[in-house]
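Keep the structure in view as you read.

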Amino acid sequence: MMRTQTWKLWHVILGGWTLGGVLLSLQYYSAGVSMGIPHPLPVPVLAGFTEAYLWAGVTFGALWVSRRFPLVPGRWMVSIPVHAGAGLVLLAARIFVGLHLLSLFLPAELPSFTEALVRLPEYFIRYWLLLGAVHAVEYARRSQEREVAAANLRTELATAQLQVLKGQLHPHFLFNSLHAVSALMYSDVREADRMLSRIAEVLRRSLQSADVQEVTLGEELEFLGPYLEIEQTRFQDRLCVEVDVDPELRQALVPHMLLQPLVENSLRHGIAPRRGGGSLRIAARSRDRRLLLEVADDGPGFSGDTPAKGGGIGLSNTRARLAHLYGPDHRFEVHGDGPGFVVRIEIPLRRAILSSTTAPGVCA
């Protein structure tokens with residue numbers, strides 16, 4: 001990246017002095033006309049571009065020295081003498097080469113070496129002005145590099161944190177599912193075996209998308225299907241699941257494993273404690289280019305043993321993942337002061353190619 005930026009800077013310098021060459025050529029030509037001794041057009045053009053490219057060489061030299069001896073606090077005592085010496089060398093070379101080349105194009109106007117040296121103070125002032133411009137550009141370049149490096153570091157850190165947060169969901173889900181199978185083994189071995197096959201299917205899908213942070217809503221519902229089958233087997237007729245999702249929204253992108261911990265939270269704290277069970281509702285709708293998701297149950301809300309707002313692995317993990325993925329461009333709300341517990345999520349509506357999916361469950 002640094003090499004690319006260096007080449008861009010070199011092109012800018014060369015382009016700027018090329019424009020200067022055009023202006024100097026016009027100046028030389030106008031001077032000849034005003035003095036009554038107009039030169040053939042190639043002569044002022046060659047002289048003007050020679051002058052400009054000599055200064056381009058001085059600029060490149062100043063750039064090379066400034067990168068090795070920047071004028072920054074703590075290095076003044078070394079950098080200033082180096083730049084003064086480098087400036088004298090570059091300007092002496094510029095005068096010597098300029099006189100030699102000027103003798104080829106405008107011999108009648110060729111000054112002596114002594115006369116040329118008289119302009120050295122003027123050239124030295126120009127050199128320091130060029131040096132200031134070069135340092136300003138270099139400062140801007142280094143600031144941009146630091147910003148890019150910091151942004152890359154933030155992205156890498158956020159990705160790592162997302163992977164950790166997502167990874168926490170797998171053992172949590174597996175522990176609860178195996179606990180349900182263990183309870184079922186003593187009453188219905190066939191159903192327990194079917195639950196184990198569903199667990200294997202969920203784990204297979206989760207491993208296939210271990211590095212994926214976003215999937216379509218349809219794929220998320222499909223991933224949720226085997227888990228809901230496991231829970232419906234465990235709850236028997238005590239659980240009713242309703243999925244209310246517009247088919248057009250199934251191609252909307254959502255964080256992978258977004259719904260499972262929210263559903264698990266409702267089942268564990270909202271429906272399981274109730275002797276008669278309860279109902280679970282998963283809904284999605286769109287409004288003003290926003291995707292609105294809702295997971296709700298008719299359990300006791302905060303009055304039971306449901307974790308308070310932001311508590312528990314499921315809710316706190318989901319809140320952290322949404323903050324990492326969308327920053328301030330999302331909403332995460334938890335409502336459970338009365339009967340029932342509701343989690344509402346609002347994220348930007350972005351669509352992907354729709355895959356074939358089916359709803360995991362519908363209330364009878």
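Helix α7 is mostly covered, with 14 of its 19 residues buried (buried means under 20% relative accessible area, exposed over 50%, partly exposed in between, using a 1.4 Å probe and protein chains only). This is a predicted model, in which local features need pLDDT of at least 70, side-chain atom pairs count only at pLDDT 80 or more, and totals for chains, interfaces and linings use all residues. Residues are numbered from 1 along each chain as its sequence is written, and side-chain values use heavy atoms, leaving out hydrogens and water.

Helices (H or I, at least four residues) and strands (E, at least two) are DSSP runs, numbered from the N terminus. Helix α7 covers residues 217-235 and reaches 25 Å from its first C-alpha to its last, close to the 27 Å expected at 1.5 Å a residue (1.5 Å times one less than the number of residues). At G225, shortly before the proline P226, α7 has a kink of about 30 degrees, the angle between axes fitted to the seven residues ending there and the seven starting there. After α7 comes Q236, with a positive phi near 60 degrees.

Now to the sheet. Its 5 strands form an open sheet in the order β2-β4-β5-β7-β6, with mixed pairing; two strands pair if DSSP finds at least two bridges between them. The edge strands, β2 and β6, each pair on one side only. β6 pairs with β7 in the antiparallel sense over 5 bridges, and R331 has E346 in β7 as its bridge partner.

| Strand | Residues |
|---|---|
| β2 | 239-245 |
| β6 | 331-335 |
| β7 | 341-348 |
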